[in-house]
Amino acid sequence: MAAVYKSLTASSAKSVSTNGVPIKQNKQRVLILSSRGVTFRQRHLLNDLYALLPHSRKDAKLDTKTKLYQLNELADLYNCNNVLFFEARKGKDLYIWMSKAPNGPTVKCHMQNLHTTSELHFPGNCLRGSRPILSFDATFDSSPHLVLIKELLTHIFGVPQGARKTKPFVDHVMGFTLADRKIWIRCFEIRETAVSKLETRTQPIEETGKEVIAAGDKGDTKISLVEIGPRFILTPIVVLESSFGGPVIYENKEFVSPNQIRSELRLSKAGRYNERAEQQIERKAKKGDLGLRTGKERPSGQLEDRVLFA
């Protein structure tokens, strides 16, 4: 009974601040899973994101690609209120679904230029289980659908304080930049290095461009960002009102599917082949008219010797 009373009093003390105002706890858990047919690079990217998000739960591959509403039941089963689903198609294309279970909304994005942590070989590193600082571009506040995507990314990639497997450290930054109607995602380590007196004397602030504390004080540090990985680009396609369903709130009219791009490339190659084939036919017809084709008798003209001196 003493242990139960102690746990209850500790939880009540944590929920109420010093001013008597209740503290709102941020409870977020993310379910990460993929569909069948993912490649090894896509699987390694999923593992990298799972390592960066200590409040996430990884599940087995989903067998279906049409009945995505089953993900709401899986999220409820694992007590998760966010879903990050990787959908692979044709072994080439990768689509990512970000949803707030069970009521929505849902954002579907096309993932491009993905690079895992192991293949980048960056010198940066961070503590496993540490919390990140989320840095968003100011362009996310320009339109309503971007504000919604920003809030959804905050819920998924923002590790809440006191979550499972978290450590009380903030040593990396996740940057979300909007350029060319695409979301560029990078991860950087916050590196603090000691500044020597020789460095502060020979390299002033104007030349280095980095903020350095005045020389001569103890504990002088230089803060820099070193990329860790992974890195990838997201192109928003649609925003749905519910979780994996419902009416379409926003649709990107400028998005071109990779299937259509590959089809146009094949048609352009076929057009070049047809042009070469037509040129060969025209060249053969011209040679035939001139009697230059082998295996074909040349028509007799009026000025030939056998006709003039017959």
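Biologist: Is Leu 265 buried, partly exposed or exposed, and why?

Modeller: Keep in mind that this is a predicted model. Leu 265 counts as partly exposed because its relative accessibility is 48%, and the exposed class begins over 50%. You'll find Leu 265 in helix α8, which covers residues 258-290.

Biologist: On to helices. How do I read the faces of one?

Modeller: Start with the general idea: an α-helix has 3.6 residues a turn, so residues three or four places apart point the same way. Now take helix α2, residues 40-52. Its buried residues are Gln 42, Leu 45, Leu 46, Asp 48, Leu 49 and Leu 52. Looking down the axis of α2, you see them fall within an arc of 160°, so they line one face of the helix.

Biologist: What span should the 13 residues of α2 have, and how far apart are its end C-alpha atoms?

Modeller: At 1.5 Å a residue, α2 should span 18 Å, and its end C-alpha atoms are 18 Å apart, so the two agree.

Biologist: Which residues of α3 are buried?

Modeller: In α3 the buried ones are Leu 71, Asn 72 and Ala 75. They sit on the same side of α3, because they cover an arc of only 105° around the axis.

Biologist: Let's do charges. How many salt bridges does the structure hold?

Modeller: It holds ten. For a pair to count, a side-chain nitrogen of Lys or Arg has to be within 4 Å of a carboxyl oxygen of Asp or Glu. Arg 36 and Asp 63 make one, with their closest N and O atoms 3.0 Å apart. This pair links distant parts of the chain, 27 residues apart: Arg 36 is in the loop between β1 and α2, while Asp 63 is in the loop between β2 and α3.

Biologist: Which salt bridge does Glu 87 take part in?

Modeller: Glu 87 meets Arg 89, at 3.1 Å from N to O. Glu 87 has a relative accessible area of 3%, so it is buried, whereas Arg 89 is partly exposed at 31%.

Biologist: And which residue forms a salt bridge with Asp 93?

Modeller: That's Arg 262, and the closest N and O atoms are 3.0 Å apart. Here too the pair links distant parts of the chain: Asp 93 lies in strand β4 and Arg 262 in helix α8, 169 residues apart. Asp 93 is buried, since its relative accessible area is 6%. There's also a network, in which salt bridges with shared partners join Arg 186, Glu 227 and Arg 231.

Biologist: Strands next. What should I expect of the side chains?

Modeller: In a regular strand the side chains alternate between the two faces of the sheet. A look at β7, residues 170-179, shows a mostly covered strand, with seven of its ten residues buried.

Biologist: In which sense do β6 and β7 pair?

Modeller: They run parallel, and the pairing extends over six bridges. To find your place, look for Arg 131, which stands opposite Val 170 in β7.

Biologist: Last topic, the backbone. Where are there cis peptide bonds?

Modeller: One joins Ala 101 and Pro 102, with omega about 0°; Pro 102 is in the loop between β4 and β5. Another runs from Gly 229 to Pro 230, again with omega near 0°, and Pro 230 belongs to the loop between β9 and β10.

Biologist: Which residues other than glycine have a positive phi?

Modeller: Asn 79 is one of them, with phi near 60°. Asn 79 sits in the loop between α3 and β3, and counts as exposed because its relative accessibility is 59%. His 121 also has a positive phi, about 60°. The loop between α4 and β6 holds His 121, which is exposed, given a relative accessible area of 66%.

Key. Residues are numbered from 1 along each chain as its sequence is written. This is a predicted model: local features need pLDDT of at least 70, side-chain atom pairs count only at pLDDT 80 or more; totals for chains, interfaces and linings use all residues. Side-chain values use heavy atoms; hydrogens and water are left out. Helices (H or I, at least four residues) and strands (E, at least two) are DSSP runs, numbered from the N terminus. Buried means under 20% relative accessible area, exposed over 50%, partly exposed in between (1.4 Å probe, protein chains only). The expected span of a helix is 1.5 Å times one less than its number of residues. The arc is that of the directions from the helix axis to the C-beta atoms. Two strands pair if DSSP finds at least two bridges between them.
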